[in-house]
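Try each task on your own before you read its solution.

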Amino acid sequence: MQVQSAYASGMQGLQSAQQGLAQATTSVAMPDQQKPAVPNTSAQDTVTLSSRAVGQTDTTSALVSATESSNQAQASAKVIEVASETVGSLIDIEV
């Protein structure tokens, strides 16, 4: 079994966070073509209201995913920082 270095794990985490954030922001920004057009009438049926709720849920899920990716990137950057400090202290230099 091969143990991955902390620096490599941090870099892998940053790449994963970048991909997740790109996917989440695309989901938020891309208009959903499957949503039906909603007429401007005061009487709305339950199908129209439920389709709006699904659209809001999708957007909410994408925004939550974007926040998770941002947090993952911050944690991965901290892993890289600590790994760099540790290596620097082991060989008595600061990077």
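**Exercise 1.** Find what share of the protein chain's contacts with a separation of 6 or more comes from residues 24 or more positions apart.

*Solution.* Start with the term: a contact means heavy atoms within 4.5 Å. Residues 24 or more positions apart make up 78% of those contacts. Next, look at the secondary structure: the protein chain has two helices and zero strands. Helices here are DSSP runs (H or I, at least four residues) and strands are too (E, at least two), numbered from the N terminus.

A word on the source: this is a predicted model, where local features need pLDDT of at least 70 and side-chain atom pairs count only at pLDDT 80 or more, while totals for chains, interfaces and linings use all residues. Residues are numbered from 1 along each chain as its sequence is written, and side-chain values use heavy atoms, leaving out hydrogens and water.

**Exercise 2.** Work out whether Ser76 is buried or exposed, and which residues it touches.

*Solution.* First, locate Ser76: it lies in helix 2 (residues 46–90). Then check the cut-offs: buried is under 20% relative accessible area, exposed is over 50%, and partly exposed is in between (1.4 Å probe, protein chains only). Ser76 has 8% relative accessibility, so it's buried. Finally, skip neighbours within four places in sequence, and Ser76 contacts Gly10, Gly13 and Leu14. In helix 1, the buried residues include Gly10 and Gly13.

**Exercise 3.** Classify Ala75 by its relative accessible area.

*Solution.* Ala75 is also placed in helix 2. Its value is 43%, so Ala75 is partly exposed.
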